[in-house]
Amino acid sequence: MELVIIRTSDNGAQTIGMAFLKDNLGQVLFSFRTLEKPFLNNAKRISCIPVGRYVISKRVSQKYGTHFLVENTPNRSLILIHVGNFVNDTLGCILVGSSHKYINSDTLLDVANSLPTMGEILRITPAKLHLVILNSF
């Protein structure tokens, strides 16, 4: 199984993306949206991670419950895929949701329905899988 994230825009304040969980034959099992910090040269806590191929594994913490750890991120540690709605809910991690929409009063897109989206992702994924991150802009 593979998770493919296609980043569609980075406006300097946030990075917006689409994600697809694919089976071993390349069939899309589930799609959702992502929200990340902008790319600022992979700087810790303020930047999304570089495009590339990674392995992710399920992990549990008191703060985020069950989520994913992105393994072997260059010059970074504890990069997660977790629930959250706003770009300020992340310190360089990847947030998931069912759609992009304006939830709060700022001018930045947010992700909606993060918790149920993560629940569905966790339900259909194995303990470890591959992650591919691409830019389309």
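I began with terms: strands (E, at least two residues) and helices (H or I, at least four) are DSSP runs, numbered from the N terminus. Two strands pair if DSSP finds at least two bridges between them.

With that settled, I looked up the hairpin: E4 and E5 form one, with 3 residues between them.

A note on what I am reading: this is a predicted model, where local features need pLDDT of at least 70 and side-chain atom pairs count only at pLDDT 80 or more, while totals for chains, interfaces and linings use all residues. Residues are numbered from 1 along each chain as its sequence is written, and side-chain values use heavy atoms, with hydrogens and water left out.

**Entry: the barrel**

I asked in which order the strands close into a barrel. I found 8 strands in the order E1-E2-E3-E7-E6-E5-E4-E10, with mixed pairing. Neighbouring strands of this sheet are turned by 30 degrees against each other on average, direction ignored (axes are lines fitted to C-alpha atoms, and angles run from 0 to 180 degrees between N-to-C directions).

**Entry: pairs around E4 and E10**

I then followed the bridges. E4 and E5 (residues 65–71) run antiparallel and are joined by 7 bridges; Arg59 has His67 in E5 as its bridge partner. On E10, I found 6 bridges to E4, again antiparallel, with Tyr54 partnered by Leu131. E1 (residues 2–10) pairs with E10 (residues 128–135) in the parallel sense over 6 bridges, and there Arg7 stands opposite Asn135.

**Entry: the largest pocket**

How much space lies in the largest pocket? I noted about 330 Å³. A pocket here is an open set of points on a 1 Å grid over the protein atoms alone, where a 1.4 Å probe fits, with protein on both sides within 12 Å along at least five of seven lines; lining residues have an atom within 4 Å of a point. The lining has 15 residues, and Arg45, Ser77, Leu78, Leu91 and Cys93 lie nearest the centre. Strands E4 (52–61) and E6 (79–82) are the elements giving two or more residues to this lining.

**Entry: Thr90**

Last, I checked the loop between E6 and E7 (94–97), where Thr90 lies. Is Thr90 buried or exposed? Thr90 counts as buried because its relative accessibility is 1%, and buried means under 20% (1.4 Å probe, protein chains only). I also saw that the Thr90 side chain reaches the backbone nitrogen of Gly92 at 3.1 Å.

Note on methods. Points joined across faces, edges and corners; volume = space filled by probe spheres on them. Buried < 20%, exposed > 50% of the residue type's maximum accessible area, 1.4 Å probe, protein only. Polar contact = N/O pair within 3.5 Å; in protein donor to acceptor, adjacent residues only side chain to side chain.
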